[in-house]
Amino acid sequence: MQLDSLSWFPGHMTKTKRMVVAEMGHMDAVCEIVDARIPRSSRNPDVDEMAAGKPRLIVLNRVDQADPAATKRWAEHFRKKGYAVIEVDAKSGKGVQQFAPAVRNLLKDKIRAYEEKGQVGRVLRLMVLGIPNVGKSTFINKVSGRKTAKAEDRPGVTRTKQWVPIDKTLELMDTPGILWPKFEDPAVGVKLAFTGAIRDDVLDREELAARLLEYLVAHYPDAVQQRFKITAADGENCFELLEAAGRKRGFLISRGEVDFERISRILLDEFRGGKLGVFTLEMPEETE
Ligand code: G4P
């Protein structure tokens with residue numbers, strides 16, 4: 001599984017990054033949308049440098065798909081590091097009403113300073129950043145009531161940034177999702193592929209499915225047993241586990257061999273679609 005080369009990195013993201021840096025000076029704060037299933041791996045490490053010195057808000061999105069106990073630990077972890085944090089399911093809208101109050105609380109000293117200068121009701125500007133597919137657009141639409149298309153930056157599409165009003169004194173800048181060119185830890189790339197943030201075709205889908213199954217068997221054995229009728233005892237390694245899952249589902253090709261392509265696709269689809277259950281694939285204390 002080769003993910004550590006520069007070659008897969010979409011060139012248009014370099015342009016977006018330049019735009020983000022150029023606009024940063026106009027921002028009062030930076031809001032990062034993070035996938036609650038992979039709160040570390042879904043954070044672009046370049047943001048710290050790009051947003052240096054700005055107050056920061058982390059939106060833990062997709063909480064409906066993540067392990068609730070783990071989400072609490074992550075929220076606590078980020079708060080301890082000085083970030084404001086809200087927990088959100090942008091798809092249903094659950095939690096989004098916390099956004100504007102959280103921003104005002106984060107910026108309370110700045111608001112007071114503006115007021116002391118006579119600038120009562122001065123507009124606060126936030127840049128919203130997130131990797132592709134994290135739910136940034138859904139989140140912004142929910143907090144703003146916006147119905148227009150999202151900020152995108154791919155060949156043939158020129159919407160690279162958009163100002164979105166939230167209320168009279170709060171405006172967001174929506175930006176296209178950005179990844180980063182090199183994963184220092186290859187496990188990060190693998191987790192981004194599990195959730196679908198990186199397209200399957202840049203990785204070997206069977207290896208990806210086998211590794212996801214191995215993780216789930218180790219950490220969420222009940223869910224795997226319920227859905228795929230297998231346990232850790234059904235395989236010595238990740239491919240044997242995948243094979244056992246395929247066999248239990250009856251996905252066979254000629255001469256009784258397991259159809260690996262099919263079980264891999266189904267496993268990843270069921271994981272991403274939430275059919276397997278709710279999971280968090282990394283914990284705060286793991287790699288600090
Ligand atoms: P992006 O701007 O960050 O690229 O992501 P976008 O909002 O387009 O969301 C990507 C997909 O993730 C969408 O699904 C969206 O509905 C879903 N999504 C966003 N936030 C959440 C969340 O908190 N929970 C869940 N379960 N899903 C979320 P889609 O299948 O591409 O579109 P749709 O059919 O749902 O509209």
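Trp74, Phe78 and Tyr83 form one aromatic cluster, where rings of Phe, Tyr and Trp (its six-membered ring) pair if their centres lie within 6.5 Å. The structure is a predicted model, in which local features need pLDDT of at least 70 and side-chain atom pairs count only at pLDDT 80 or more, while totals for chains, interfaces and linings use all residues. Residues are numbered from 1 along each chain as its sequence is written, and side-chain values use heavy atoms, with hydrogens and water left out.

**Aromatic pairs**

The structure holds six aromatic pairs. A pair of aromatic rings is described by the distance of the centres and the angle of the planes. Planes under 30 degrees apart count as stacked, over 60 as edge-to-face and the rest as tilted. Two of the pairs are tabulated here.

| Pair | Centre to centre | Angle between planes | Geometry |
|---|---|---|---|
| Phe99 and Phe139 | 5.3 Å | 85° | edge-to-face |
| Tyr220 and Phe279 | 4.7 Å | 70° | edge-to-face |

The pair of Phe99 and Phe139 links distant parts of the chain, 40 residues apart: Phe99 belongs to helix α4 (residues 99-106) and Phe139 to helix α6 (residues 136-144). Helices (H or I, at least four residues) and strands (E, at least two) are DSSP runs, numbered from the N terminus. Both Phe99 and Phe139 are buried, a term that denotes under 20% relative accessible area, with exposed over 50% and partly exposed in between (1.4 Å probe, protein chains only).

The pair of Tyr220 and Phe279 also links distant parts of the chain, 59 residues apart. Tyr220 lies in the loop between α8 (205-219) and α9 (221-228), and Phe279 in the segment after α11 (260-272). Tyr220 counts as buried because its relative accessibility is 15%; Phe279 is buried with a relative accessible area of 2%.

Charged side chains also sit over rings, meaning that NZ of Lys or CZ of Arg is within 6 Å of the ring centre and within 35 degrees of the ring normal. Arg125 lies over the face of Trp163, 5.7 Å from the ring centre, and Arg262 over the face of Phe251, at 3.9 Å from the ring centre.

**Nonpolar cores and domains**

In soluble globular proteins, nonpolar side chains tend to be buried together. A nonpolar core is a set of buried Ala, Val, Leu, Ile, Met, Phe, Trp, Tyr and Cys residues joined through side-chain atoms within 4.5 Å. The largest such core has 82 residues, and those with the most contacts inside it are Phe99, Phe139, Leu192 and Leu216. Helix α8 supplies the largest share of this core, eight residues. The core draws at least three residues from each of domain 1 (7-174) and domain 2 (204-287), with domain bounds that come from an automatic or database domain assignment.

Not counting residues up to four places away in sequence, Phe99 touches Cys31, Leu57, Ile86, Leu126, Phe139, Val143, Leu170 and Leu172; contact means heavy atoms within 4.5 Å. Another core, of ten residues, lies apart from the largest one and has Ala36, Leu60, Trp74 and Phe78 among its members.

The C-alpha centres of domain 1 and domain 2 lie 33 Å apart. Their contact takes 15 residues from domain 1 and twelve residues from domain 2.

**Helix α7 and its surroundings**

Eight of the ten residues of α7 are buried, so this helix is largely enclosed by the rest of the structure. Its buried residues, including Val188, Leu192 and Phe194, pack against β1 (29-35), α8 and α11. At the start of α7, a side-chain oxygen of Asp185 reaches to within 2.9 Å of the backbone nitrogen of Ala187. This is a polar contact: a pair of N or O atoms within 3.5 Å, of which, within protein, one must be able to donate a hydrogen and the other to accept it, and residues adjacent in sequence count only if both atoms are side-chain atoms.

Thr195 is found in helix α7 and counts as buried at 7% relative accessibility. Leaving aside its neighbours within four places in sequence, Thr195 is in contact with Asp35, Arg37, Ile38, Asn133, Phe271 and Arg272. Just after α7, Gly196 takes a positive phi of about 95°.

Thr175 lies in the loop between β6 (170-174) and α7 (186-195). Thr175 counts as buried at 0% relative accessibility, and its side chain reaches the backbone oxygen of Val128 at 2.7 Å.
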